[in-house]
Amino acid sequence: MRRLTNVSMSLLLVQVAVSRLAPAQQRTQPLPIIDVHLHAMSAEELRTLGPNPITRAAPPSSIEEHVRRTVEEMKKHNVVLGIVGGRTEDVERFLAVAPERVWGSAKVGRPELNVDSLITRHSAGKIAALGEVMAQYEGFSPSDSAFEPYWSLAEKLDIPIAIHTGVSFPGITQRGFPNFRVALGNPILFEGLLNRHPKLRVSMMHAGYPFLAETIGILSVYPQVYVYVGVIDWIMPREEFHAYLRELVRAGFADRIMFGSDQMTWPDAIGLAVGAIESAQFLTEQQKRDIFYDNAARFLRLSPDVIARHHRRLAPSETRRLP
């Protein structure tokens, strides 16, 4: 083998150093981001959840401030599209303020929502997805027959669904959800609904954490299922989140992982979540692009025109003032 000269060795070392730079340092433009899980909160939720458990920042003092600060964080981090779920009136505040950045989603708790009202909201362009589906919080498996009307509706309207998996707040069974069970958040329980409704597009919220083996099993057999990493990407210790994400990538599913913040009452969680992906040195630049945008764009079936607009970034004028 030809011996390297001092000059060629120096060039090689420079190339290696450049390859190890954080991707954000190599980019000339920020990546567009789709956040597939944002919350529209009620006034009561703003009062009761307290400060951000990581930054200790106080939550917004009003619903209007929550909407404004969340949209500001979206713009700051180039979140060009956010899927916002919550009560009807709370979601519609986001739609009024940032219609070009927001899609509405219908929150499903107990299986008692009026299906006709969902059809009406969808026809009016006010919801484009079903989620967060909180079957686990109410003591149900996602495959329970009580939720069949929702799965049939989502299949008929060809809209995606997002179902809570995994764990929740410490003490959740003493905080208004006595029927919550960790076992009901196991992704293996998705199999019934997936086989009854094979055309459904299903987002496994919180990436099935901590059920890694079961999550990989479902992803392996059911290609219509994607995962999103909301809340585990910022509330968990960074090393633990990266270890879980790395295993999903190593298993071959980098093209079915979506970004989300699950910001709840804490708008600053959006930046924390973005930082968790950017700091994952085991991800290639393309894998970060996939997680931040491309996977969700495919899952949501965005049109080429919408994708082109997102990559141009939204102008400030496209965000309206609060009514």
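These legends describe close-up views of a predicted model. Local features are given where pLDDT is at least 70 and side-chain atom pairs where pLDDT is 80 or more, while totals for chains, interfaces and linings use all residues. Residues are numbered from 1 along each chain as its sequence is written, and side-chain values use heavy atoms, with hydrogens and water left out.

View 1. In α9, which spans residues 212-221, the residues Thr215, Ile218 and Leu219 are buried (under 20% relative accessible area, with a 1.4 Å probe and protein chains only). These three lie on the same side of α9, because they cover an arc of only 100° around the axis, taken from the directions from the helix axis to the C-beta atoms. On the other side of α9, Ala213 and Val221 are exposed (over 50%). The cover over the buried residues of α9 includes α8 (191-196), β6 (202-204), β7 (225-228) and α10 (238-250). Helices (H or I, at least four residues) and strands (E, at least two) are DSSP runs, numbered from the N terminus.

**View 2. The largest nonpolar core.** This core, a set of buried Ala, Val, Leu, Ile, Met, Phe, Trp, Tyr and Cys residues joined through side-chain atoms within 4.5 Å, has 73 residues, and those with the most contacts inside it are Trp151, Val202, Ile232, Leu245 and Ile277. Helix α11 (residues 269-278) gives the largest share, six residues.

**View 3. The surroundings of Ile277.** Leaving aside residues up to four places away in sequence, Ile277 touches Val229, Phe241, Leu245, Phe259, Leu283, Lys288, Ile291 and Phe292, where contact means heavy atoms within 4.5 Å.
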